[in-house]
Amino acid sequence: MEELRFERFTVDAADDLDARAADWIRACEQGFYGQDPDEASIGRSLESKRARGSVLTGVYDDAQAPPSLTAVWPVATFEEFAGEITLAPGRSLPAHLISGVTVRATHRRRGILRRMMTESLDRAQQAGRPIAALTVSEGSIYGRFGFSPAAFAQTVRVAVRDGLGLRADVRRTLESSGLRVVAVHPRDMEAIHDAVVVSFHSATPGSIDRLYGDRQRVTGRWGGDEGGPVKDLRAYACLAGDGTPLGFATAKFSGWKDDPRRLEITDLMAADPKAELALWEHLGAHDLVGELTWGGARTDDALSWALANPRDLRTEKRTDSLWVRVLDVPAVLEARSYAGQGTFRIEVSDPQGRIEGAWRVDVADGAAAVRADEAPAPDTVSTDAETLASLVTGAIEPWQAAGLGRLRGDETVLELVRALWTNEVRPLSATFF
Ligand SMILES: CC(C)(COP(=O)(O)OP(=O)(O)OC[C@H]1O[C@@H](n2cnc3c(N)ncnc32)[C@H](O)[C@@H]1OP(=O)(O)O)[C@@H](O)C(=O)NCCC(=O)NCCS
């Protein structure tokens with residue numbers, strides 16, 4: 001490792017291509033098996049990283065000479081920036097977001113990722129960020145650093161025949177809701193997107209606040225051929241009676257040759273379940289379209305319960321859409337939701353030692369007060385950093401963790417924790433980074 005040079009930098013140049021950051025982007029694209037980015041694509045990446053205040057780590061091997069790419073590009077890339085995660089309705093926390101993690105094949109398994117991750121999590125704790133989050137390409141990499149799945153999404157296919165096959169009672173509910181869905185030009189979507197994001201993000205456990213690039217995609221500025229403008233994006237807004245945006249969707253037509261012809265939903269967000277249903281209903285009301293597809297559906301989606309034939313909705317795959325790492329136990333425990341009243345002690349083990357300790361959790365009126373408590377007591381549950389990460393977001397329920405031996409304690413305290421620990425909805429993250 002001594003021969004390697006670790007550099008950290010931000011993307012500052014507002015009008016010119018920053019050569020070092022541009023090479024970082026090229027190396028990162030290569031690490032994810034992407035295309036060699038052209039200048040426009042590099043410009044968009046720089047714009048996005050500048051907007052989110054990213055700190056980039058590049059690792060350089062000065063011992064290499066041309067023609068090795070390594071003589072110019074970093075052999076490893078790592079990006080971190082500040083964001084926000086919601087753990088309970090109305091309660092969001094600062095989050096340390098990690099992205100762009102690659103290590104060149106010539107330099108793999110020499111501990112470069114371990115060093116970049118360890119130093120990044122150190123900085124996050126020093127900055128007082130109580131939780132770190134990332135999205136993963138493989139499920140086997142990040143558990144060793146204390147990360148664990150925090151939210152899931154599923155891909156669904158919904159058959160439509162002369163509209164969505166809604167149950168009559170659900171259709172009546174929708175008709176009396178006063179909601180309306182309108183088609184909007186994507187370029188006019190920014191304010192609608194931003195308004196819906198505010199309510200969705202605040203209401204949804206697991207939500208990471210949306211990023212600069214999401215706004216560019218929803219307005220059709222990014223996401224088309226080679227990442228540039230999209231010409232075939234359709235956008236829709238669901239409005240309350242007074243015109244307040246409650247949800248939005250974007251979609252693309254799959255093509256005339258497909259059978260069935262599909263509308264592929266590329267984004268769909270609503271804090272209100274009726275608004276979400278109204279969007280589905282409208283998307284299903286397009287002539288010539290026999291199927292709707294959406295890869296970011298909730299795992300506790302209400303849609304199949306709205307259909308006269310629940311098998312009109314088929315689930316194709318379930319993927320983890322967010323992993324988190326707890327960095328401050330009291331902060332995250334106080335930010336999640338509870339029911340009822342009671343007290344218990346929690347002991348957390350952590351192979352990295354970041355959050356090893358014991359705390360007393362006093363729950364009253366749906367909120368917890370948490371303080372360090374080293375004195376052993378019979379009302380103790382014990383768990384590890386990884387399990388705690390999935391418990392705080394609600395990705396795993398206490399009964400599931402207890403059944404697997406990942407949450408341990410006397411039956412009486414486990415029963416209490418199961419009753420206090422509420423997860424009204426499954427966590428959902430609608431932000432990819
Ligand atoms: C994944 C990747 C970043 C790992 O980098 P690396 O520098 O080789 O990792 P390290 O040498 O620091 O390994 C740290 C530990 O993780 C393990 N590990 C690394 N990559 C792994 C993988 N893909 N699957 C399982 N374990 C992995 C190592 O065995 C090592 O284990 P240990 O220290 O507990 O014994 C690198 O292989 C890569 O760039 N892959 C392609 C892009 C990618 O998938 N990035 C992740 C995006 S989320």
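A residue counts as exposed here when its relative accessible area is over 50%. Everything in these close-ups comes from a predicted model.

Figure 1. You'll find it in the loop between α6 and β8.

Figure 2. Tyrosine 33 belongs to the loop between α1 (19-31) and α2 (39-51). Its relative accessible area is 78%, so tyrosine 33 is exposed.

Figure 3. One runs from proline 66 to proline 67, with omega near 10°. Proline 67 is part of the loop between β2 (55-61) and β3 (76-88). The other cis bond joins aspartate 259 to proline 260, and there omega is about 0°. Proline 260 sits in the loop between β9 (245-253) and β10 (262-270).

**Figure 4. Tyrosine 212 against tryptophan 222.** Rings pair up if their centres lie within 6.5 Å, and by that rule the count is five aromatic pairs. One of them is tyrosine 212 with tryptophan 222, an edge-to-face pair at 5.8 Å centre to centre with 70° between the planes. The partners are ten residues apart: tyrosine 212 in helix α6 (residues 212-218), tryptophan 222 in the loop between α6 and β8 (234-239). Tyrosine 212 is partly exposed at 23% relative accessibility, whereas tryptophan 222 is buried at 11%.

Figure 5. Tyrosine 338 is in the loop between α9 (329-335) and β13 (342-349) and tryptophan 421 in the segment after α12 (411-420), so the contact ties together parts 83 residues apart in sequence. Tyrosine 338 is buried at 5% relative accessibility, and tryptophan 421 is buried at 4%. Arginine 336 lies over the face of tyrosine 338, at 5.7 Å from the ring centre.

Figure 6. The charged end of arginine 318 sits over the phenylalanine 152 ring, 4.0 Å from its centre.

**Figure 7. The nonpolar cores.** The largest nonpolar core has 44 residues, and the members that touch the most others are Ile85, Leu322, Leu333, Phe344, Ile346 and Leu388. Helix α10 (residues 385-393) gives the largest share, five residues. Domain 1 (4-134) and domain 3 (328-420) both contribute, so the core lies between them. Skipping neighbours within four places in sequence, leucine 388 is in contact with Val326, Val329, Leu333, Ile346, Val348, Ile355 and Thr383. There's also a second, separate core of 30 residues, with Leu164, Ala270, Trp294 and Leu313 among them.

**Figure 8. Strand β12 and its antiparallel partners.** Strand β5 (residues 131-134) pairs with β12 (residues 313-326) in the antiparallel sense over four bridges. In that pairing, leucine 134 stands opposite tryptophan 323 of β12. Strand β6 (residues 148-159) also runs antiparallel to β12, over ten bridges. Look for arginine 157 here: its bridge partner in β12 is arginine 314.

**Figure 9. Arginine 123, a charged side chain tucked away.** Arginine 123 is in helix α3 (residues 112-126). At 18% relative accessibility, under the 20% cut-off, it counts as buried. Leaving out neighbours within four places in sequence, arginine 123 is in contact with Arg8, Thr57 and Glu80.

Figure 10. Aspartate 384 is in strand β16 (residues 380-384). Neighbours within four places in sequence aside, aspartate 384 is in contact with Val348, Ser349 and Arg406. From aspartate 384 to alanine 297 is 87 residues in sequence and 30 Å in space, C-alpha to C-alpha. For orientation, the protein is divided into domain 1 (4-134), domain 2 (153-320) and domain 3 (328-420). The centres of domain 2 and domain 3, taken over C-alpha atoms, are 36 Å apart.

Terms used
Residues numbered from 1 in each chain as written. Predicted model: local features only at pLDDT ≥ 70, side-chain atom pairs only at ≥ 80, totals over all residues. Heavy atoms only, no water. Phe/Tyr/Trp six-rings, centres within 6.5 Å; stacked < 30°, edge-to-face > 60°. Helix = DSSP H or I, 4+ residues; strand = E, 2+ residues; numbered from the N terminus. Buried < 20%, exposed > 50% of the residue type's maximum accessible area, 1.4 Å probe, protein only. Lys NZ or Arg CZ within 6 Å of the ring centre and 35° of its normal. Core = buried A, V, L, I, M, F, W, Y, C linked by side-chain atoms within 4.5 Å. Domains from an automatic or database assignment. Contact = heavy atoms within 4.5 Å. Pairing = 2+ DSSP bridges.
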